[in-house]
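I opened this notebook to record what I looked up in one model. The entries follow in the order in which I made them.

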Amino acid sequence: MKKILLAGKAILGAGLIMLSLNSCKNENKQEDPKEVAENANETKFDTIDSKEDDSEFLVDQAEINLAEIEIGKLAQQKSTNPEVKKFGKMLVDEHTKSASEVSALAKSKNFTLPASLTEEGQDEYKKLNEKSGVDFDKKFADMMIDGHEKAIKKLEKASKDATDEDVRLWASNNIAGLTAHLEHAKMLKQNLDKK
């Protein structure tokens with residue numbers, strides 16, 4: 001009987017050690033800020049799908065703003081092309097303004113937003129940072145075209161489909177600005193391709 005009791009305690013002890021080691025291992029890996037925000041919103045609005053969809057849109061917008069600001073700063077630091085530097089500064093200025101608007105709108109709706117660059121944003125930043133000279137400038141222009149095309153599609157969808165009137169209005173009001181960024185990026189790419 002003592003042996004069975006002792007064996008049971010040993011197994012229980014080993015199980016507890018494994019659990020604590022496993023939880024320590026998981027603490028080191030930080031969750032992606034976008035996933036954290038989406039999970040928080042999902043929990044808050046689990047029974048209200050319309051709010052969950054609107055919160056996902058604002059999470060996406062926050063993610064886009066954070067990425068554009070960091071990439072804009074990188075363009076100002078690394079590029080030797082004055083037009084690329086100027087475009088980078090415009091990105092930082094306008095997406096900082098947009099980030100502030102998205103943050104205020106999200107706060108008024110009780111939505112949680114990512115507070116730092118997502119894993120995908122960090123990967124894109126690293127890929128761009130590895131380039132230099134004209135290769136950097138061309139990669140930057142390609143990223144800006146691709147990123148703004150995707151962002152405009154999200155804005156157009158939200159301007160029609162968002163259930164919250166404030167979210168729908170904000171999306172609608174920001175299509176023109178991002179379209180201007182896209183056209184600017186396309187002109188930049190044309191000029192860079194001539195080199």
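Basis. I worked from a predicted model, in which local features need pLDDT of at least 70 and side-chain atom pairs count only at pLDDT 80 or more, while totals for chains, interfaces and linings use all residues. Residues are numbered from 1 along each chain as its sequence is written, and side-chain values use heavy atoms, with hydrogens and water left out.

Ser55. I located Ser55 in helix 3, residues 49-78 (helices are DSSP runs of H or I, at least four residues, numbered from the N terminus). Ser55 counts as buried because its relative accessibility is 1% (buried means under 20% relative accessible area, with a 1.4 Å probe and protein chains only).

Core. I asked which residues touch the most other members of the largest nonpolar core (a set of buried Ala, Val, Leu, Ile, Met, Phe, Trp, Tyr and Cys residues joined through side-chain atoms within 4.5 Å). They are Phe57, Leu58, Phe87, Leu128, Phe140, Met144 and Leu155, out of 36 residues. Helix 3, helix 4 (82-109), helix 6 (133-161) and helix 7 (165-193) each give two or more residues to this core; helix 6 gives the most, with 10 residues.

Phe57. Leaving aside residues up to four places away in sequence, I found that Phe57 touches Lys154, Leu155, Ala158, Val167, Trp170 and Ala171 (contact means heavy atoms within 4.5 Å).

Helix 7. I noted that the buried residues of helix 7 include Val167, Trp170, Ala171 and Ile175. Helix 7 bends by about 35° at Ile175 (the angle between axes fitted to the seven residues ending there and the seven starting there).

Definitions and conventions. Buried < 20%, exposed > 50% of the residue type's maximum accessible area, 1.4 Å probe, protein only.
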